[in-house]
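This briefing goes through selected features of the structure shown below, grouped by topic. Please read it alongside the sequence and the coordinates.

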Amino acid sequence: MSATTRRLTTAQALVRFLSAQYTERDGVRRRLIAGTWGIFGHGNVAGVGQALLEAGEDAMPFHQGRNEQSMVHAAVGYARQLNRLSAQAVTTSIGPGATNLVTGAALATINRLPVLLLPGDYFASHAPDPLLQQLEHPVEADVSVNDTLRPVSRYFDRVTRPEALIPSALQAMRVLADPAETGAVTLALPQDVQAEAYDWPEEFFAERVWYVRRPAPDPVELTAAVEAIRSAERPLIVAGGGVHHSEAEAALKAFVEATGIPVASTQAGKGSLRHDHPSDLGGIGHTGTAVSDDLARTADLVIGVGTRYTDFTTASGTLFQNPGVRFVNLNITGFDAHKLAARTLVCDARSGLEKLLEAFSGHRVSEAYEAEYRAGKERWDEVVAAAYRADDESAVPTQTQVLGALDAAVGDEDVVINAAGSLPGDLHKLWRSRSPRQYHLEYGYSCMGYEIPAGIGVQQAAPGTPVWALVGDGTYLMMPTEIVTAVQEGLPVNIVLLQNHGYASIGGLSEETGGERFGTAYRFRAADGTFTGAPLPVDLAANAASLGMEVLRAKTVRELREALAAARASDRPTCVYVETDPAPTAPPAEAWWDVPVAETASREAAVEARERYDRQAAGRRRHL
């Protein structure tokens, strides 16, 4: 070996390269790839597995997972907690280990969160074809199951030669650190190439810093945006996840305090302002608050900051009803900035808000408008208090009373995680966010099973932070296995497990759309194919205990409060299990969501649902 090269296998070189990558923003430097999750099989055990062992924990910490999808979820939770400035890698075998990554990869890319995927692949030499778990394609010999990751990855490459790793690894890091392009990045690694040796240039292993840029707004776009905002009488800010990713919360607060413009938040943007700030109106859209949605219907200018404008945010195109409404979108990607025919401000959220503030000296919305939305905020605060209130502490709690008890138990630094079911809607309407990272809702993909592994990732990113994974019985049954990982790594994640014996959220949606709750309850099936009213004798608390958690059962509101306090004080993974009163107690939806209903049907429920659907759909607008 010469002085300028080092002979290593491809997998050894990759691990060594990853250990020397850093991000830097605002003078703060972090490891870009801070650790690797893995489940080993014949596609990675002798390659990446051996390389991780040889590198050691100091160079690349290793975390053992139980399910490939949940390993990605944990990595995503980690990256989100650290505002995308640090990420984790996930290595799997070929075959089912690799295809189990697809759901997690889609979630990461949709939510614009970085994760590096390292699935094993077939032999590049094709010497032993077909090998165990290899998909054989009759006309495309270079296709493998890993190609399912192409559409859900922001960058994909199959490294079929050792030297091909050099440009591919550099491109992978570029995408992971890019605030506009980030998401899942996949480097598919043929197992023979992983083990093949090569003389690598020493420069490949040198410490490398990827600067996470804060692009400033274009002066022409800034001038146009300022003019539009100055001329608006009823402006409304929609804060999305980009506010958090760019750490723009203080800039947003300064801007709204100077201008008086109110703020409504998407699921990803909630917590951009504290809940008790006079300009914070809470969630917007189908799961939004009454005050946010009422203002959205009459707003003459909507200022989107770091939002993708999903159908929940726009109420499927029916929310912004002012005939003259226009949009100004501040977003780091032109793709999102141009939505809804908006005036664009393509820049970093913090940089853009700071520049807007500089231009707005002395300009403020009218006192009447401020008084209007503040009165609406006060009325909604009363709705929240009523939903949280439990007059009888000996009663079985409702779902909203569970949230009220948790609200009373947490501190400002706690993180509350959720993703699917009926809880996201209740949380978006009711949760009182006290800090930028307290509200952790994955609603880009709304993936059941996300919460528990994401809680592990958050705990890894912020040791000592109380973390709460809120899960219903349906979500818990999807993916409880990472409880074992939390126990193994000594991570005191708290799970609040709500048992209502069925898919409550989709059951309600089924009823609304004429499906009559078909197939949404957990019940015994009778001989005639119908379901009886008796719930299944399933004990999820016992299951959590069998996986190593401390379990606290709460049957009443009083017991729930005591259990939450004990869980927060515990230094080990703890599950608070509560069977809830299934009666709906959350405020109804304040805006529509488009779920198509059968146009023709013989059952009366579906016919009536279609009539309601047609009335709602008539209000849809295309903003041009």
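**Charges over rings, sheets, cysteines and aromatic pairs**

R553 is placed over the face of Y577, at 5.7 Å from the ring centre. The model is a predicted one, and the values below are computed from it.

**Charge over a ring**

- R230 is likewise found over a ring face, that of F360, and lies 5.2 Å from the ring centre.

**The six-stranded sheet**

- Six strands make up an open sheet with parallel pairing, and their order is β5-β4-β6-β7-β9-β8.
- The edges are taken by β5 (62-64) and β8 (155-158), each of which has a single partner strand, so one side of each is left without a neighbour in the sheet.
- From one strand to the next, the twist of this sheet averages 20°.
- Within the sheet, β6 (residues 87-92) and β7 (residues 115-121) run parallel and are joined by four bridges, and T92 stands opposite P119 in β7.
- Helix α6 (residues 165-177) packs on this sheet, where it touches β4 (33-38), β7, β8 and β9 (184-190), and the direction of the helix makes about 160° with that of β9.

**The three-stranded sheet**

- A further open sheet consists of three strands in the order β3-β2-β11, and its pairing is mixed.
- Its edge strands are β3 (28-31) and β11 (208-211), each of which pairs on one side only.
- Neighbouring strands here are turned against each other by 30° on average, with direction ignored.
- The pairing of β2 (residues 21-25) with β11 is in the parallel sense and extends over four bridges; T23 stands opposite W210 in β11.

**Cysteines**

- With a disulfide taken as a pair of cysteine sulfur atoms within 2.5 Å, the count comes to zero disulfides.
- For C575, the closest cysteine sulfur is that of C447, and the two sulfurs are 20 Å apart, which is too far for a bond.
- C575 counts as buried because its relative accessibility is 0%, and C347 also counts as buried, at 0% relative accessibility.

**Aromatic pairs**

- The structure holds 12 aromatic pairs, among them that of F17 and F204, whose ring centres are 4.5 Å apart and whose planes meet at 10°, so the pair is stacked.
- Because F17 lies in helix α1 (residues 10-18) and F204 in the loop between β10 (197-201) and β11, this pair ties together parts that are 187 residues apart in sequence.
- Both partners count as buried, F17 with a relative accessible area of 0% and F204 at 3% relative accessibility.
- Another pair, formed by Y309 and F327, is edge-to-face, with 6.2 Å from centre to centre and 85° between the planes.
- This second pair links distant parts of the chain, with Y309 in the loop between β15 (301-305) and α12 (311-314) and F327 in strand β16 (residues 326-331), 18 residues apart.
- Y309 counts as buried at 9% relative accessibility, as does F327 at 3%.
- Ring pairs also link F17 and F204 with Y198, W200 and F205 into a cluster.

Technical notes:
Residues are numbered from 1 along each chain as its sequence is written. This is a predicted model: local features need pLDDT of at least 70, side-chain atom pairs count only at pLDDT 80 or more; totals for chains, interfaces and linings use all residues. Side-chain values use heavy atoms; hydrogens and water are left out. Two strands pair if DSSP finds at least two bridges between them. Helices (H or I, at least four residues) and strands (E, at least two) are DSSP runs, numbered from the N terminus. Axes are lines fitted to C-alpha atoms, for helices over the stretch in contact, and angles run from 0 to 180 degrees between N-to-C directions. Contact means heavy atoms within 4.5 Å. Buried means under 20% relative accessible area, exposed over 50%, partly exposed in between (1.4 Å probe, protein chains only). Rings of Phe, Tyr and Trp (its six-membered ring) pair if their centres lie within 6.5 Å; planes under 30 degrees apart count as stacked, over 60 as edge-to-face and the rest as tilted. A charge sits over a ring if NZ of Lys or CZ of Arg is within 6 Å of the ring centre and within 35 degrees of the ring normal.
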